[in-house]
Structures are given as structure tokens and as C-alpha cells.
Amino acid sequence: GLMTKYSMVFLIAGILGGFLLTRARRHLLSRYFAGALALTVLICLPNLVWQAQHGFISYAFLRHIHARDVAEGRAKGFLPDQFRICTNPFTAPLWLGGLAALSMSRRYRAVAWMFAIPVAMLWAAQGRGYYPAAVYPMAMAMGAVAGERWLAGLRSGWRRTVEVVFFSGVAVCGAYACAIVLPLAGSGPLMRFALNHNRNLREEIGWPEIVRTVATIRDALPAAEREHAGILVGNYGEQGAIEMLGPRYHLPPPISGTNSAWLRGYPTPPPTTLIVLGLSQGYANRMLTGCRLAARVQFPYGVKNEESQEHPDIWLCGGPRLPWPEFWKEFQSFG
């Protein structure tokens with residue numbers, strides 16, 4: 001979670017803390033550290049300039065997402081998640097032993113701080129449980145070295161027993177996780193198991209049906225309306241579906257107010273007819289004119305996800321009640 005987001009600052013804090021709190025602090029004065037710092041600034045500069053030009057919109061996004069996650073309880077269970085999400089539960093002795101070995105080693109103690117500081121900061125900041133996943137490989141690597149040395153001191157019978165129990169547990173837990181995360185089968189019990197336990201997998205289902213339905217609605221419009229029709233979407237999932245699958249049906253690009261898509265604005269001239277998906281009937285009637293139900297999407301496998309449960313209806317509306325510039329300010333959202 002941290003490696004591709006601005007929240008990688010927690011990892012940077014861990015690295016700096018690891019240097020400052022151990023003998024490795026001497027490296028902070030080296031030319032290599034100065035060079036690495038300069039290179040980091042150079043790599044990040046275009047993004048920082050873009051952020052400054054756009055009012056640091058990513059900060060507003062992160063603040064909104066964090067408040068949402070805390071309010072919805074997504075930040076609960078942070079510590080248990082370190083065992084059940086970030087790692088295979090049976091590898092807990094491996095990374096815990098590795099963390100202990102790192103802490104006791106003068107040479108590698110800095111790495112222990114690089115592990116502990118991000119985890120502690122994210123826990124205190126009420127981050128989600130999977131955020132620190134990137135710190136575990138280094139603890140596991142040290143745990144593998146320490147574990148091998150420990151096993152070498154055991155009698156052969158005990159050593160084999162420990163190895164069989166450990167690797168069997170890792171394999172069983174790994175197989176269970178794979179059955180949840182990976183679509184191992186297109187039908188039958190494995191498919192039902194994955195759909196029942198994997199919310200993200202359920203969210204991947206139904207997009208072709210949604211786009212096909214939108215195309216059918218567009219094609220049924222009178223020629224004059226069809227020429228000036230646009231597709232207004234409520235979230236980035238619908239936006240991505242229209243962008244990726246829409247060209248097959250010659251659909252126009254989606255109009256989205258979510259995240260950075262809001263910065264793209266709306267077409268000029270604005271559409272006078274809107275095919276609206278991902279928005280509630282109440283919101284559509286409040287913000288848009290002349291809305292009527294155009295279709296209700298039928299989802300395969302009877303899947304229950306955000307689209308099928310919260311907004312399966314597609315509306316056909318006129319333009320917004322406010323002038324487009326004012327409507328666009330109201331339409332901005334984060335998700």
C-alpha cells in the first residue's frame with residue numbers, strides 16, 4: 001500500500017529514524033546520502049510542481065479518504081491485520097524472530113527501526129491494516145537466517161518436525177489465501193468461495209453489462225439527443241469501465257468528478273442529455289433536470305457489490321439545474 005502512494009513518507013521516516021537512532025547515522029554526512037537526497041528531490045520535483053499548481057489536491061484526497069476509512073471502521077483491527085493480511089499467519093515466528101534478531105544486531109539494528117517506526121506511526125495515525133505490508137520482507141529475510149541457525153542446533157527428529165509443521169502451515173494458509181484472492185475457477189465451489197470472501201473480486205464483475213446497457217440507452221435516443229449526449233458517472237470504477245470498454249460501442253468519454261478526473265472538466269459545449277450512472281435517484285433529481293429511469297442493470301452470478309446493491313439504476317436526464325461551472329464545483333468528490 002505504501003510503495004505507490006504519498007504515504008510512503010512513513011517508510012522514509014523509518015529509514016531516517018533507523019539512521020539517526022543507530023551507528024548508521026554517520027552515513028547521513030556522506031556524499032552518497034547527499035546524492036541520493038538530491039536525486040530523490042529531482043525525481044519528485046515534477047509531481048511537487050503539479051501539486052503546487054493544483055492546490056495540493058492529493059492532500060485533500062488523502063484527508064478525505066482517511067476520514068472516511070476511520071468513520072466506516074476500516075482502520076479497526078490494525079494489529080491483528082499484521083498477522084492475517086500483511087503476512088501469512090504461519091510466518092509470524094519467522095518475521096517476529098527476524099525483528100528480534102535485527103534488534104540484537106549492532107550491524108543491522110537500523111533495519112529494526114526501519115520496520116518498527118512505520119508500523120508504530122501508522123497504528124497511531126489509524127491507518128488501514130495492510131498499509132505496512134512492504135516492511136515485512138526484510139524481517140522475514142533476517143528471520144530465515146536466524147531460523148536456519150536455530151534449526152541447525154536441534155536434533156534431526158525435532159528439526160524435521162518443526163520444518164514439516166511450519167511449511168505445512170504456510171502451505172495451508174497460502175492455499176486458503178489464494179482461493180480468496182485468485183479467481184481459480186470460473187464456476188463451481190471455488191468461484192462461489194472467492195466471491196463470498198473477496199469484496200474486491202466482486203467489484204470486478206458487471207462492468208461489461210453496465211457499458212453494454214449504457215450503449216443501448218444511447219442508441220435508443222433520438223438522433224438530435226444522441227448527438228449531444230454525455231455520460232455522467234459517480235465513481236472511478238464506472239469511469240474506467242466507460243473509458244476502457246466504451247470505445248467498442250463508440251461511446252463518448254465519461255464525465256467524472258472523482259479524484260483527479262475532476263480536473264479534466266466537462267466537454268465544450270456541455271452535453272444537453274446525460275446518461276447518469278453511479279448516482280442515487282435523490283441526488284440525480286436534486287442536481288439534474290428531467291431525470292427518468294432508463295434501465296436497471298442485470299448483474300451476472302447474482303453478485304452483490306457496490307454497483308448491484310447501491311446504484312444498479314441508470315438515469316436519463318437533462319442538464320444540471322445549476323450552470324455547468326457552478327455544478328462542476330459541487331460535483332467534485334474523492335473516493
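Buried means under 20% relative accessible area, exposed over 50%, and partly exposed in between (1.4 Å probe, protein chains only).

**Ground rules.** I am working with a predicted model, where local features need pLDDT of at least 70, side-chain atom pairs count only at pLDDT 80 or more, and totals for chains, interfaces and linings use all residues. Residues are numbered from 1 along each chain as its sequence is written, and side-chain values use heavy atoms, with hydrogens and water left out.

**Salt bridges.** I looked for a side-chain nitrogen of Lys or Arg within 4 Å of a carboxyl oxygen of Asp or Glu, and the count came to seven salt bridges. I found Arg-68, Asp-69, Glu-72 and Arg-74 linked in a network. Within it, Glu-72 and Arg-74 have their closest N and O atoms 3.0 Å apart, while for Arg-74 and Asp-69 the figure is 3.7 Å. I then checked accessibility: Glu-72 is partly exposed at 49%, Arg-74 is partly exposed at 25%, and Asp-69 is buried at 3%.

**Another pair.** I noted a salt bridge between Glu-243 and Arg-264 (2.8 Å, N to O). This pair links distant parts of the chain, with Glu-243 in helix 13 (residues 236-245) and Arg-264 in the loop between strand 2 and strand 3, 21 residues apart. Helices (H or I, at least four residues) and strands (E, at least two) are DSSP runs, numbered from the N terminus. Glu-243 is partly exposed at 35%, whereas Arg-264 is exposed at 59%.

I traced an open sheet of five strands in the order 2-1-3-5-4, with mixed pairing; strands pair if DSSP finds at least two bridges between them. Its edge strands are strand 2 (254-256) and strand 4 (292-296).
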